[in-house]
Amino acid sequence: MSVFWFALDNQMPPGFESAYGTVVHLDTTDLKNHKPTPGDFSYLNIAGLDGNERRKTMLAIRRRCGQTAWGVADPQGDLDDPAMVFFMGACDYLGPKVFTQGVDKARTRDVRAYALFRLECDDTRASVPAPSSSSAGADAEAFGGWKVVKPGVIYPFYFLFIAASAQMNLKTRLGESGYIAFRDRLRAQIQQMLAEADPLLWMETDTTAIYLIPSTARTGRNVIIACLRLILGTPIFGYERLGLPFPIEFTCAMHHGSTEFAVPGKTGTIVSDAVNFIFHLGAKCAQPERLTISSDVDRSVIPPSLRELFVDAGVFEGRSLMHSRRFGAI
Amino acid sequence: MKVKSSTISLCRRTLYESISADMMVRFVRLLDPEYDLHARSGIPENYPITNQMAATRIVQDIIDDGRFIDFIETLVRVDADGYMGRPYPIKGLNQIVKTLSLDGFLFDRATRQFFENAKERVSPDWGRLRDGDERQAAVLRLDIVENSALVKRSSSDRIERAYADLRAIVNRSVHARYGRLWLWEGDGALAAFIFGQKERSAILAGMEILNELFFYNRLDNPLDAPLRVRIAAHAGPIVYRDQPMELLKNETIREVAQIEARSTPTDTMSASANLFLSIDRVIQERFDPERQTGGDKIRYYSINLEKS
């Protein structure tokens, strides 16, 4: 285990080094290249940073250390609301009093226990701890492709539920063979529309599909744009690309959470709160011609210029929701 | 249109091995009712013409007349449906279709028409129209609203970027439906659809342009103001001209410009009544009820966002 101390100067609470053992001193600019391993503890000292720099470095430590324990040192009490650092996923806050009174081994033990508890509670239960849900949208790291995602390991993902429906049962209307052809075309077209979000068709039932989307800010943003494009373009999509002579509607729902990964077709044993929730959200709550987003999806992944398209949609199973306004309503 | 000598030989052989000289002439007359084989070949009418000679003359004539693709389409229809109740299987026709595919034409089995492969070449005449040809067409007129004000307000590089993006959006929407962009002026564009389901293509292209602009203005627009357009779609006869400015003299094109200018609100596509009747109900339902505006019967499509 290593302890990293990111600061503009080397000011630390009395007893900190003796309580933690060896501490690696680094400049705040080194955060961008920081790659902690499981068990490491990283601290950011915000003394000397102005408001904008403080916000940026705190987002950076959350992004870089989201899968490990991290804390914030605030010797001058610059933060108006220290609880915010815990909401961001931090495991410790060293305030002005700690800097005067010092740190002992008992506190260190408590911090370690809390960090362990926090990461275990983070819905991950993995050998490699995942970032907390609040850090989902800010994870801007590049996705290495689905080949590097290992079955049996827990990862954070965006979950996308998509269902196609029409005024009457699609299978009845199209017939068995027509319906199979329709499903094949639909699958190919949706995959193409979501291409910039690196989707993986993970689970599929007769009328619905769950896609896994890598948990990065880029893919989160792209999947929202793709869903809105799909909803706006549904008449053209259904008529021209799917060849349907009757109107069709799409229901889209998006959630963020962690789950054990399994390859498509072998997902029968998956037990996950996030997977249950996305199914419930899509099947019971989400409305046709809307994209419904749970509060676990970081709002920052919604492009600012598209936020006006979303409105509050109440609470479902303990999570607040928002959904897109419908297109075409007069 | 330039036809390779190997394709010419193949077509000749296909004709004389499959049908008689008399039937060849009948099929050519489906395109050119005045066609006279004896007159074109210079052989007196009391002299018989062999199948080989007829095939050679006819293939040469249809190439000279710029009707080669139309003739092959006619043969495809005859081969599939027969002629006047009798089947006329034409051996080797598939080989000609394949050869034309290698020459940059795509064959659409649904409409039994050849289309220029837009990935290889996009020419305003689809690689097959001649100056003076008259066809039924659907046309799309797009106008950038307050173009002059936008140009004055924005820096030149930004305005160039935005207009290049708009042009790319229009090109994508039009070319994907076998349409061609005939004119791109400073403040607008004119696109035409002649082959395939032309009315449907014009309407869908217009809808797609508006949908794309909805996102473009929110996500990628480099200007301080949104790019706003008016689009009008109309259908009627068009005489094709190689000179773009000559095309504007067509009555149908003048009419579409009038519909756009006097009957189309901003951020809206208007579709004239004669075009609209050809559209399937699933798309018709996305348009407002018909209105009588400025002497035109018009239906409108626009993106109306649900009130929050």
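What share of the contacts in chain A between residues at least 6 apart in sequence join residues at least 24 apart? The share is 69%, where a contact requires C-beta atoms, placed from the backbone, to lie within 7 Å. The structure is a predicted model, in which local features need pLDDT of at least 70 and side-chain atom pairs count only at pLDDT 80 or more, while totals for chains, interfaces and linings use all residues. Residues are numbered from 1 along each chain as its sequence is written, and chains are lettered from A and ligands numbered from 1 in the order in which they are written.

Chain A holds 10 helices and 12 strands, taken as DSSP runs numbered from the N terminus (helices H or I, at least four residues; strands E, at least two). Its C-alpha trace spans about 75 × 45 × 30 Å along the principal axes. Of the 330 residues in chain A, 41% are buried (20 or more other C-beta atoms within 10 Å of the residue's own; exposed means 12 or fewer, and partly exposed lies in between). An automatic or database assignment divides chain A into domain 1 (3-121) and domain 2 (137-324), and the centres of these domains, taken over C-alpha atoms, are 36 Å apart.

Turning to the interface, 21 residues of chain A and 18 residues of chain B take part in the contact. On the side of chain B, α9 and α13 (281-284) each give two or more residues, and α9(B) provides the largest share, with 8 residues. This side comprises 9 nonpolar, 3 polar and 6 charged residues (nonpolar: Ala, Val, Leu, Ile, Met, Phe, Trp, Tyr, Cys and Pro; charged: Asp, Glu, Lys and Arg; polar: the others, Gly among them).

Helix α8 (residues 217-232) of chain A meets helix α9 (residues 198-219) of chain B, with axes that come within 10 Å and cross at roughly 150°. The two helices are therefore roughly antiparallel (angles over 145 degrees). Ile225(A), Arg229(A) and Leu232(A) in α8(A) contact Asn211(B), Phe214(B), Phe215(B) and Leu219(B) in α9(B). By class, the residues of this contact are 5 nonpolar, 1 polar and 1 charged.

Most residues other than glycine have a negative phi. Glu289(A), however, has a positive phi of about 65° and sits in the loop between α10 (273-285) and β10 (291-294) of chain A. Glu289(A) counts as partly exposed because it has 19 C-beta neighbours inside 10 Å. Met84(B) likewise has a positive phi, of about 50°, and lies in the loop between α5 (68-81) and α6 (93-102) of chain B. With 7 C-beta neighbours inside 10 Å, Met84(B) counts as exposed.

Definitions and conventions. Axes are lines fitted to C-alpha atoms, for helices over the stretch in contact, and angles run from 0 to 180 degrees between N-to-C directions. Angles under 35 degrees count as roughly parallel, over 145 as roughly antiparallel, 65 to 115 as roughly perpendicular and the rest as oblique. Two residues are in contact if their C-beta atoms, placed from the backbone, lie within 7 Å.
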